[in-house]
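Dear colleague,

I am handing over the structure below, and after it I set out what was found. Please keep it open beside this message while you read.

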Amino acid sequence: MPDYIAWSPEQAVAVIAAEADKEGALMPILHALARTFGWIPDEAVPLIAGILNLSRADVHGVLTFYHDFRRSPPPRHVVKLCRAEACQARGGDALAAHAERTLGQKIDAHAHSAGGHENVSLEPVYCLGLCASGPNALVDGRPHARLTADRFDALMAETVR
Amino acid sequence: MSLRLYVPGDMCSVALGADEVCGALAIEAAKKSMSIEIVRNGSRGLFPIEPLVEIETAEGRIGYGPVFPEDVPALVAAGLFEGAPHAKRVGKPEELPFFKSQTRLTFARNGITDPQSFDDYVAHGGMKGLNRALELGPAAVVEEVLQSGLRGRGGAGFPTGIKWKTVAETKGEQKYIVCNADEGDSGTFADRMVMEGDPFMLIEGMAIAGVAVGATKGYVYIRSEYPFAVTAMERAIETARERGLLGRNIGGSAFSFDMDVRMGAGAYVCGEETSLLESLEGKRGLVRAKPPLPAHKGLFGRPTVINNVLSLAAIPYILAEGFAAYRDYGMGRSRGTMPIQLAGNIKNGGLYETPFGVTLGDIVNVIGGGAESGRPVRAVQVGGPLGAYFPPSLFDTPFDYEAFAARDGLIGHAGVVVFDDTADMLKQARFAMEFCAVESCGKCTPCRIGSIRGVETIDKIAAGEDREANLVLLEDLCHTMKLGSLCALGGFTPYPVMSALTHFPEDFGGPKARLEAAE
Ligand SMILES: Cc1cc2nc3c(=O)[nH]c(=O)nc-3n(C[C@H](O)[C@H](O)[C@H](O)COP(=O)(O)O)c2cc1C
Ligand code: SF4
Ligand code: FES
């Protein structure tokens with residue numbers, strides 16, 4: 001699991017200020033917050049809006065548009081399983097069903113930490129660019145290719161616990 | 001002197017265990033008190049032999065692959081450091097038929113050089129394009145690109161030279177070069193391989209674009225699913241600044257050009273150029289209506305060249321060797337080479353750069369070796385999630401923009417995804433609609449709502465509910481999406497859906513399609 005620090009408005013302001021002078025600074029700011037804290041609480045919205053001189057609605061609109069930004073605290077581990085066509089053609093659906101069964105949760109982009117294994121969130125990703133070697137996944141940001149049910153189980157035993 | 005080895009640092013090789021292989025090699029070398037140096041090259045692009053370990057010998061580089069971490073001790077014991085025979089020894093990689101039959105213009109250095117070594121880049125022909133561009137001057141550079149016949153590799157196939165000419169002729173204090181590295185299409189990875197395996201080539205291409213149109217600032221917008229590419233580009237940009245490829249007075253000229261990396265955030269639609277520009281501006285990725293064209297009013301309302309990675313990566317070669325060297329490859333109005341990406345259930349998956357004109361059947365069966373599962377190939381999706389599914393009866397289609405369009409398909413970014421006979425084409429059609437629903441930017445109703453109705457309708461067909469009526473409804477829906485969508489996400493989703501229905505009606509409960517025999 002990446003080393004995130006606990007949410008703090010003071011730290012957040014420092015992170016935002018460090019990016020604020022860039023052209024089109026909002027995306028770099030959101031990424032920097034996500035990298036630092038692992039999530040972007042709604043509390044961050046007025047801080048960003050104030051520094052960039054935008055309306056809260058604008059910032060909220062951007063924050064919620066993109067799949068990547070988490071708005072609740074991150075789970076300990078994130079498993080992103082590729083669900084796109086080239087991985088489907090290589091047995092991705094069967095692996096997805098196996099992963100859902102063993103982790104006791106549905107693959108869901110928005111249910112971070114909901115149900116099932118309390119430590120893991122099982123999420124979809126649409127292509128990792130490893131499409132000749134699927135099925136593929138990112139586990140806590142690390143890529144894994146040619147996954148089988150057995151290799152998936154071994155990986156979970158190693159990382160998730 | 002220490003022994004030099006090459007083990008790719010490319011994301012796919014790492015996903016297959018390349019980092020652990022490096023660790024194991026270091027341990028074995030230490031046991032033998034040998035000094036080794038491991039270069040993390042890009043992948044040469046044949047993934048069934050990755051991780052490919054190469055040893056530098058007097059006769060050239062000798063490869064072993066695929067080498068998994070647990071293979072290393074035995075391989076070293078068998079004489080890997082000396083290039084000794086072994087079942088996993090593939091010999092000189094460039095002599096493998098898969099590589100030997102390619103025409104690598106854009107991918108000439110990939111897998112061979114150290115991607116982060118600027119000296120290596122220059123020693124292998126890098127910077128020749130920029131230097132010639134600086135001698136020629138802006139107008140002549142635009143003319144070279146026009147004459148090369150290069151068409152945009154991101155999907156639409158628009159002539160790159162015309163785009164540059166428009167931006168060059170548009171007045172503006174500040175102009176931009178934006179590189180579209182969103183590469184969201186399933187089955188594609190050529191952009192990723194360029195950025196990880198030969199990043200200076202992309203930087204050089206962007207700098208040449210800047211010189212040509214009078215832009216001093218560039219951005220490369222990379223999808224967040226490509227963390228290795230982000231790091232590789234950031235490092236290479238730093239080096240390029242130190243070495244005078246970026247910054248003030250590039251290459252000792254009067255021109256200035258600098259660039260930065262920006263990261264996407266998991267939205268497929270941000271690959272659409274105007275949505276990408278919105279995202280770069282810090283907004284939601286809503287597609288803009290055109291006109292105005294980005295060439296007139298692009299990033300922050302300023303004249304902007306936006307090109308795919310492969311379009312910009314082709315530029316250094318065109319400038320270095322002259323437009324004719326590039327233009328003389330290809331067929332019809334598709335000039336030059338295309339880095340085709342062989343993906344899905346295929347034996348020889350990887351990157352295959354070749355002049356336009358090769359048939360789909362040759363790509364899949366001869367070069368690709370057919371399905372990896374050993375079963376018959378049933379369908380091939382070309383051009384990503386918005387591309388059509390072709391049956392083997394259409395395998396005589398040559399790789400050419402117009403030839404694919406004539407058969408209700410598209411080349412797109414040249415991803416070729418192979419499915420064997422276990423594929424359920426109704427399921428694939430359903431996925432196309434579902435993907436559209438998940439990724440729609442929400443601006444137009446036919447895309448936003450139509451795709452959700454599409455999923456429901458296909459579910460009803462699958463359940464055998466009012467089949468005939470629902471098939472008519474599905475076709476109507478596709479028609480409406482095609483005509484009523486602002487961009488190709490809603491507008492082209494009908495391609496995979498309708499092609500599945502047309503070529504594989506039996507999966508929708510109908511009689512088999514008549515055209516089956518050809519392959
Ligand atoms: C939904 C959608 C997604 C797209 N995704 C990409 C992409 O990931 N990369 C890309 O280069 N072009 C993509 N395009 C095409 C771009 O809109 C645009 O045509 C391209 O960036 C122009 O560059 P080129 O002329 O060099 O191809 C996409 C288009 C649509 C409609
Ligand atoms: S077709 Fe879909 S993605 Fe494209 S602009 Fe319309 S709603 Fe947005
Ligand atoms: S489709 Fe799964 S990595 Fe590309």
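**A residue at the meeting of two chains**

Leaving aside residues up to four places away in sequence, B:Ser279 touches A:Met27, A:Tyr66, B:Tyr221 and B:Cys270, where contact means heavy atoms within 4.5 Å. B:Ser279 lies in helix 12 of chain B; helices (H or I, at least four residues) and strands (E, at least two) are DSSP runs, numbered from the N terminus. With a relative accessibility of 1%, B:Ser279 counts as buried, a word used here for under 20% relative accessible area, with exposed meaning over 50% and partly exposed in between (1.4 Å probe, protein chains only). From B:Ser279 to B:Leu5 the separation is 274 residues in sequence and 41 Å in space, C-alpha to C-alpha.

Before going further, please note that this is a predicted model, in which local features need pLDDT of at least 70 and side-chain atom pairs count only at pLDDT 80 or more, while totals for chains, interfaces and linings use all residues. Residues are numbered from 1 along each chain as its sequence is written, chains are lettered from A and ligands numbered from 1 in the order in which they are written, and side-chain values use heavy atoms, with hydrogens and water left out.

**Between chain B and chain A**

The contact between the chains draws on 63 residues from chain B and 37 residues from chain A. Together the two chains bury about 3700 Å², with 57% of it on carbon and sulfur atoms; buried area is the accessible area (1.4 Å probe) that two parts lose on being put together, summed over both. On the chain B side, B:Ala15, B:Ala265 and B:Phe431 lose the most area to chain A, and together they account for 15% of what that side buries. Chain B and chain A are also joined by four salt bridges, each being a side-chain nitrogen of Lys or Arg within 4 Å of a carboxyl oxygen of Asp or Glu. One of them is between B:Glu372 and A:Arg90, with the closest N and O atoms 2.9 Å apart.

**Domains of chain B**

Chain B is divided into domain 1 (3–100), domain 2 (118–328), domain 3 (331–420) and domain 4 (425–518), with bounds that come from an automatic or database domain assignment. The C-alpha centres of domain 1 and domain 3 of chain B lie 30 Å apart, and five residues of domain 1 are in contact with eight residues of domain 3. Between these two domains of chain B about 450 Å² is buried, of which carbon and sulfur atoms give 64%, and the count of salt bridges between them is zero.

Helix 11 of chain B (residues 227–242) has 16 residues and should span 22 Å at 1.5 Å a residue, which agrees with the 23 Å between its end C-alpha atoms; the expected span is 1.5 Å times one less than the number of residues. Its buried residues are B:Ala229, B:Val230, B:Ala232, B:Met233, B:Ala236, B:Ile237, B:Thr239 and B:Ala240, and what covers them includes helix 5 (118–123), helix 9 (190–197), helix 10 (199–213), strand 7 (217–222) and strand 8 (258–263) of chain B. Just after helix 11 of chain B comes B:Gly244, with a positive phi of about 80°.

Helix 18 of chain B (residues 445–462) has 18 residues and reaches 25 Å from its first C-alpha to its last, close to the 26 Å expected at 1.5 Å a residue. Helix 18 of chain B bends by about 25° at B:Ser451, the bend being the angle between axes fitted to the seven residues ending there and the seven starting there. B:Ser451 is itself among the buried residues of this helix, which also include B:Pro446, B:Cys447 and B:Ile461. These buried residues pack against helix 17 (425–439), helix 19 (467–484) and helix 20 (488–492) of chain B.

**Backbone points to check**

The peptide bond from A:Gly134 to A:Pro135 is cis, with omega near -5°, and A:Pro135 is in the loop between strand 2 (120–125) and strand 3 (137–139) of chain A. In chain B, the bond from B:Pro291 to B:Pro292 is cis, with omega near 0°, and B:Pro292 is in the loop between helix 12 (273–280) and strand 9 (304–308). B:Phe300 is placed in the loop between helix 12 and strand 9 of chain B, and has a positive phi near 50° in a residue other than glycine.

With regards
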